[in-house]
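Please keep the model in view while going through the numbered points.

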Amino acid sequence: MAGIPAASIEGAGLEAEIRSVGMALAEGEASASGPLLQRLDERAMRHAAQDRELRAALFRLVDVAPACRNFEDLGEHLAGLVGQLDERPPSLDVAMRTSHTKAGRIALGAATAAGVRHMAHRFIAGDSPTDARAELLGLWRSGIASTIDLLGEASVAGAEADRYRDRCAEAIAVLAEGAQGWPRQGVLESDSQGAIPRANLSVKVSALTPMLRPEAPERAIEDASARLRPLLSQASRSGAHLHIDMEDVDSLESTMRLVLELLSSPEFERSPSAGLVLQAYLCESPALLDQILDWARASRRSPPLVVRLVKGAYWDSEVVEARQQGWSVPVFTDKAECDRNFEALTRRLLDARPAVRVAVGSHNLRSVAHAIAYNRFSGGDDRDLEFQVLRGLGDDLAAALAAAGLRARLYSPVGDLVAGMAYLVRRLLENTSNESFLGARLEGEEIEALLAAP
């Protein structure tokens with residue numbers, strides 16, 4: 001790849017520059033090893049996207065797989081779920097014919113287990129941070145940074161939250177120690193505001209406290225703070241970055257307050273590097289960004305807060321819950337409106353520097369190209385913009401960005417398969433959505449059309 005062309009403020013407009021950058025990135029993806037469209041099972045993804053009943057059955061199978069006692073049990077579950085479908089792809093019809101005998105169910109279960117493991121390992125980097133270190137080093141050597149996410153959903157008891165805190169502490173230690181021997185990678189290690197930590201861990205507040213309830217935010221903040229504070233202290237001592245993920249709407253207020261209050265304390269005014277997430281699918285995200293930027297400008301924290309801008313991973317559950325309860329849906333239900341909001345938030349974040357550091361989390365070529373083009377049009381340095389993608393979905397995009405000299409970071413979950421099921425299903429829901437960018441590419445949509453303004 002020859003590189004992404006630099007923007008010219010005089011001459012072609014921003015839209016033309018977005019198309020130029022996007023086409024260059026698409027070429028870079030195509031030349032990356034293991035192209036996305038070859039890695040994904042195109043026929044299965046296409047069937048899942050087009051047939052809602054099949055999609056639901058397959059996801060139920062993925063969800064139940066870790067609890068199955070043996071291969072026969074798993075084969076029986078698959079046969080039962082698929083047997084409920086009115087229409088089946090030919091490959092599943094063959095599977096159904098083998099399920100009427102014990103030997104057939106065992107063979108079917110073994111094949112299914114292998115498939116689920118293969119799918120999970122595409123998204124999950126290893127069973128533990130130690131297991132993942134070799135892969136993280138390989139990514140680093142290829143010019144791609146990473147952030148580790150310890151799999152596991154919300155804690156329901158204090159002991160679970162304590163175990164999650166301890167796992168996070170171990171991860172910080174393992175990542176920081178391992179990263180010391182990594183080779184120098186200039187674009188991954190610094191920007192115009194200074195050093196960027198090599199070790200990077202993402203944590204969930206819902207796993208740090210069992211008390212995360214919208215009706216009692218004070219208790220949740222106090223309980224989570226008792227576990228997050230020592231992790232921030234350890235990250236400060238280790239020179240690691242700690243990023244706090246955003247989850248569903250119910251936990252949003254508590255998470256925002258927790259992060260900003262802790263980072264405002266004298267103990268953490270100067271260290272460690274830390275960040276939070278802004279979800280563009282939320283209708284209130286522009287107002288949330290107002291709060292974040294007001295805080296960042298008032299605190300003048302150094303290093304600055306890192307804001308990871310994403311579309312959001314809980315769209316289905318947010319919509320379903322709101323409609324069940326008779327509430328207003330808190331997320332954009334029109335994809336184009338969400339995409340426009342994402343671009344508007346991108347511009348505001350880039351304009352807010354140096355009060356914040358900006359990380360754009362997207363697999364959408366249009367969104368990524370827009371960020372690059374606007375950054376250059378506004379006089380920004382390529383070093384002052386980071387791109388984050390999900391392991392298993394954005395690998396080729398990360399490779400293309402790295403090849404172009406831009407900073408790319410792979411969001412890499414770590415943990416056992418049982419803990420990873422909810423995460424895995426969310427990834428599959430995104431990837432098989434009829435409106436997803438990756439789904440459109442899988443169906444052969446022209447790049448020019450995908451790069452058009454939303």
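1. A cavity, as the word is used here, is a set of grid points where a 1.4 Å probe fits but cannot get out. The model under review is a predicted one, and it holds 4 cavities of 30 Å³ or more. The largest cavity has a volume of about 130 Å³. Of the 14 residues that line this largest cavity, those closest to its centre are Ile196, Val306, Arg357, Glu386 and Arg409.

2. Which strands each supply at least two residues of that lining? They are β5 (241–245), β8, β9 (385–390) and β10 (407–414). The largest share, 3 residues, comes from β8.

3. As to overall composition, the protein has 21 helices and 10 strands. Of its 454 residues, 55% are buried. Among contacts with a separation of 6 or more, 76% are between residues 24 or more positions apart.

4. Strand β7 (residues 305–310) deserves attention. Is this strand largely enclosed or exposed? Because 6 of its 6 residues are buried, β7 is largely enclosed by the rest of the structure. In a regular strand the side chains alternate between the two faces of the sheet. In β7, Leu305, Val307 and Leu309 point one way, while Val306, Arg308 and Val310 point the other way, and all are buried.

5. Strand β7 has parallel partners. Strand β6 (residues 273–279) runs parallel to β7 and is joined to it by 5 bridges, with Leu278 opposite Leu309. From β6 the chain passes through helix α14 (residues 285–299) to β7, forming a right-handed β-α-β crossover. Strand β8 (residues 356–361) also pairs with β7 in the parallel sense, over 5 bridges. In that pairing, Val306 stands opposite Arg357; both residues are also listed among those closest to the centre of the largest cavity.

6. The largest nonpolar core contains 102 residues. Those with the most contacts inside it are Leu25, Leu201, Leu228, Leu242 and Leu401. Leaving aside neighbours within four places in sequence, Leu242 is in contact with residues including Leu201, Leu228, Ile172 and Gly275. Another core, of 6 residues, lies apart from the largest one, and Phe123, Leu151, Leu390 and Leu393 are among its members.

7. Most residues other than glycine have a negative phi, and most peptide bonds are trans. A cis peptide bond joins Ser302 and Pro303, with omega about 5°; Pro303 is in the loop between α14 and β7. A cis bond also leads from Arg353 to Pro354, where omega is near 15°, and Pro354 lies in the loop between α16 (335–352) and β8.

8. Arg300 also belongs to the loop between α14 and β7. Its phi is near 50°, a positive value in a residue other than glycine. Why does Arg300 count as exposed? Its relative accessibility is 70%, and exposed means over 50%.

9. Val156 lies in the loop between β1 (144–150) and α9 (158–179). With a relative accessibility of 65%, Val156 counts as exposed. Val156 and Ser206 are 50 residues apart in sequence, and their C-alpha atoms are 9.0 Å apart in space.

Key:
Residues are numbered from 1 along each chain as its sequence is written. This is a predicted model: local features need pLDDT of at least 70, side-chain atom pairs count only at pLDDT 80 or more; totals for chains, interfaces and linings use all residues. Side-chain values use heavy atoms; hydrogens and water are left out. Buried means under 20% relative accessible area, exposed over 50%, partly exposed in between (1.4 Å probe, protein chains only). Helices (H or I, at least four residues) and strands (E, at least two) are DSSP runs, numbered from the N terminus. Two strands pair if DSSP finds at least two bridges between them. A crossover is right-handed if, with the strands pointing away from the viewer, the path from the first strand over the helix to the second runs clockwise. A nonpolar core is a set of buried Ala, Val, Leu, Ile, Met, Phe, Trp, Tyr and Cys residues joined through side-chain atoms within 4.5 Å. Contact means heavy atoms within 4.5 Å. On a 1 Å grid over the protein atoms alone, a cavity is a set of points where a 1.4 Å probe fits but cannot get out, and a pocket is an open set with protein on both sides within 12 Å along at least five of seven lines; lining residues have an atom within 4 Å of a point. Grid points are joined across faces, edges and corners, and a volume is the space filled by probe spheres set on the points.
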